[in-house]
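Hi,

Here is the structure I promised to pass on to you. Have a look at it first, and then read my notes below.

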Amino acid sequence: MRRIVLRSETDWDGWRQATRALVQAGAEPGTLTWAVSGDASPLPDAAGTFQVPRALMALASIAIQAREPERFGLLYSLVWRIGAGEKVLKDDTDPDLALVRRMALAVRADAHRMRTGLRYLPVAEDGGVRYLGWFEPAHFVLPANARLLARRYPKLRLSIVTPDGSAHWDGASLLFGDGLRHAADDEALQAWWDAHRDMVLDHASADVSVPEAEALDEAPRSPDRPAIGPVVLNEGADPDLRQAAREAGSCRRCPLYGPATQTVFGEGPAGARAMFVGEQPGDQEDTIGRPFVGPAGQLMDQAMEEAGIDRRMVYVTNAVKHFKFVARGRRRIHQTPEVPEIQACGFWLDVERTRIRPILTVAMGASAARAVLGRAVTIGRERGRPIRMADGRTVFVTVHPSYILRLPDRAAKDREYAALVGDLRLVRDLMDAG
Ligand code: SF4
């Protein structure tokens, strides 16, 4: 019996190299055992070439991430039979092919579950923020999934920790290191990270064979998927608001919950004097589960800082709590929410306003202004001045930072950014006077 040893549970390159050599050497599947540790038998020299259908390799690149130990041999067997002239892929009744397809389906579902189920804990790091998440996958989906997320969020620092290992993306390199068997809660994860961060990153390696990642992105979404974990709220958040955030996680008041990853509730301290309302979460907010962390949020942070507003002291939220988008290839393009969607989600905005009781509500952009004022608003006409409401509240309208990001030329961006900072200085004065 020949013993083939791969370097890891997802050693795609190693499995392909061994399979190519063994099929060409005529090694029958029954003469091989596959493992990821221990002593290995030498591989035969590969000679000649043979064709394997692209569809089978795509399927194998997914199925190799399954946790079933027999997958390496099963996949080898399919390639061996194709090399022997069998039309395996054309036979839907073939039990081996059916098993591999079931494995691939389970892997895709698990990868999808990881991408939608991950909750990230923001941790301060080198003047920036790293988003730290813990997840227990059913299969070995971390490496390929981490590669997908790194491609999707090139500017974020992410660490995903699982019992099998961890993946770390810093905007330039993707490294893999040790994992954590169990994280009872955010505090346990943070404590582990604080104690092990340097050691994990020092020993992490980029030298990991990662299976094809693209096909993982094809997982179908179920509109009936269960609600997922708790939302991270700032320390000091109102406990009733925490409860509301949990309940909003399974909201079905409008159709927007279907395609989105998760509900993105507001966050901020209890007793915040001002509440900033945007339109809806964007692509990054949808993935991370926190409002205003993407490019528009970063611009807002910068403008707030220039205007002398401490973001940690205000409550930030959106008129609509789910990301509305259309998919174009791998990109998700923002769509403006319709009035009925803004009205449906007004339920949660009212909950937030009732609990926070801000002296000032800042509506950023037309959708937020409609949600806050309950009518259509022309931003150019109503921005930059306090609007006293019949119930005693004060509302202030300004532009949404994404409007500035969309402007085509530098001069217009600079002009509008300065106007936003000017508006926020007025907001700061109103907060101080209130
Ligand atoms: S957008 Fe708002 S109302 Fe619609 S499902 Fe999401 S949380 Fe509920």
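How much area do domain 2 and domain 3 bury between them, and what share of it is on carbon and sulfur atoms? The two domains bury about 990 Å², with 52% of it on carbon and sulfur atoms; buried area here is the accessible area (1.4 Å probe) that two parts lose on being put together, summed over both.

Before the rest, some ground rules. This is a predicted model, in which local features need pLDDT of at least 70 and side-chain atom pairs count only at pLDDT 80 or more, while totals for chains, interfaces and linings use all residues. Residues are numbered from 1 along each chain as its sequence is written, and side-chain values use heavy atoms, with hydrogens and water left out.

**Domains**

The protein chain is divided into domain 1 (2-109), domain 2 (118-217) and domain 3 (234-433), with bounds from an automatic or database domain assignment. Between the C-alpha centres of domain 2 and domain 3 there are 29 Å. Eleven residues of domain 2 are in contact with nine residues of domain 3 (contact means heavy atoms within 4.5 Å). The count of salt bridges between these two domains is zero (a side-chain nitrogen of Lys or Arg within 4 Å of a carboxyl oxygen of Asp or Glu). On the side of domain 2 that touches domain 3, seven residues are nonpolar, none polar and four charged. For these classes, Ala, Val, Leu, Ile, Met, Phe, Trp, Tyr, Cys and Pro count as nonpolar, Asp, Glu, Lys and Arg as charged, and the others, Gly among them, as polar.

**Ligand**

Around the ligand you will find C251, R253, C254, L256, Y257, V320, K321, H322, A344, C345 and W348, where near means a heavy atom within 4 Å. This shell divides into eight nonpolar residues, one polar and two charged.

**A46**

Leaving aside residues up to four places away in sequence, A46 touches A21 and Q24. A46 and R130 are 84 residues apart in sequence and 45 Å apart in space, C-alpha to C-alpha.

Best wishes
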